[in-house]
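Good morning, colleagues. I would like to take you through one structure, and I ask you to keep it in view while I speak.

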Amino acid sequence: MTHVEIKYSDNLTFDTQDIFDDIEGIINQKDASAGVCKSRAYPCSEYKHPHILVTVSLLTKPHRDEQFTLELSAEIESAIKSHLQQSLYFSLNIEYSNAYYTTNVHQVDGIALDC
């Protein structure tokens, strides 16, 4: 399961949902097995210098090699920056799960997974 976290100084103005959609689209275009992308944004009111840190967490898979990661990083960076209309410090980290990462769906009978 893919996760995206955006941590940013709250003096920035952008639509997190648009960025979430772009990142998920890029990931699924490069790797159809990725599925839905669980995304969260954390604006910070106490900071020094305007900045954004985006972390993309992916499962380790054989086809997600260095070339895949470099291309994914470049595409995601470009997409995110297209939404940013202010000067700021930018960081993007693509990370992969370790051997003991557990991911699945907890489904309660009769209650749909809210998307």
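First, the conventions. This is a predicted model, in which local features need pLDDT of at least 70 and side-chain atom pairs count only at pLDDT 80 or more, while totals for chains, interfaces and linings use all residues. Residues are numbered from 1 along each chain as its sequence is written, and side-chain values use heavy atoms, with hydrogens and water left out. Helices (H or I, at least four residues) and strands (E, at least two) are DSSP runs, numbered from the N terminus.

Let us begin with the sheet. Four strands form an open sheet in the order E2-E1-E3-E4, with mixed pairing; two strands pair if DSSP finds at least two bridges between them. E2 and strand E4 (89–96) are the edge strands, each pairing on one side only. On average, neighbouring strands of this sheet are turned by 10° against each other, direction ignored; angles run from 0 to 180 degrees between N-to-C directions, and axes are lines fitted to C-alpha atoms, for helices over the stretch in contact. E3 and E4 run parallel and are joined by eight bridges. Within this part of the sheet, Thr 55 stands opposite Asn 93 in E4.

Helix H2 (residues 66–81) packs on the sheet and touches E3 and E4, its direction making about 145° with that of E4. Contact here means heavy atoms within 4.5 Å.

How do the helices H1 and H2 pack? Helix H1 (residues 16–30) packs with H2 at an angle of about 155°, the axes being 10 Å apart. H1 and H2 are therefore roughly antiparallel to each other, a term that applies to angles over 145 degrees. On the H1 side, the residues in contact include Ile 19, Ile 23 and Ile 26; on the H2 side, they include Phe 68, Leu 72 and Ile 76.

Now the cysteines. With a disulfide taken as a pair of cysteine sulfur atoms within 2.5 Å, the count comes to zero disulfides. Cys 37 counts as buried, at 13% relative accessibility, whereas Cys 44 is partly exposed at 29%. Buried means under 20% relative accessible area, exposed over 50%, and partly exposed in between (1.4 Å probe, protein chains only).

Finally, His 49 lies in the loop between strand E2 (37–44) and strand E3 (51–58). The phi of His 49 is near 75°, a positive value in a residue other than glycine. His 49 is partly exposed, with a relative accessible area of 44%.

Note on methods. Angles under 35 degrees count as roughly parallel, over 145 as roughly antiparallel, 65 to 115 as roughly perpendicular and the rest as oblique.
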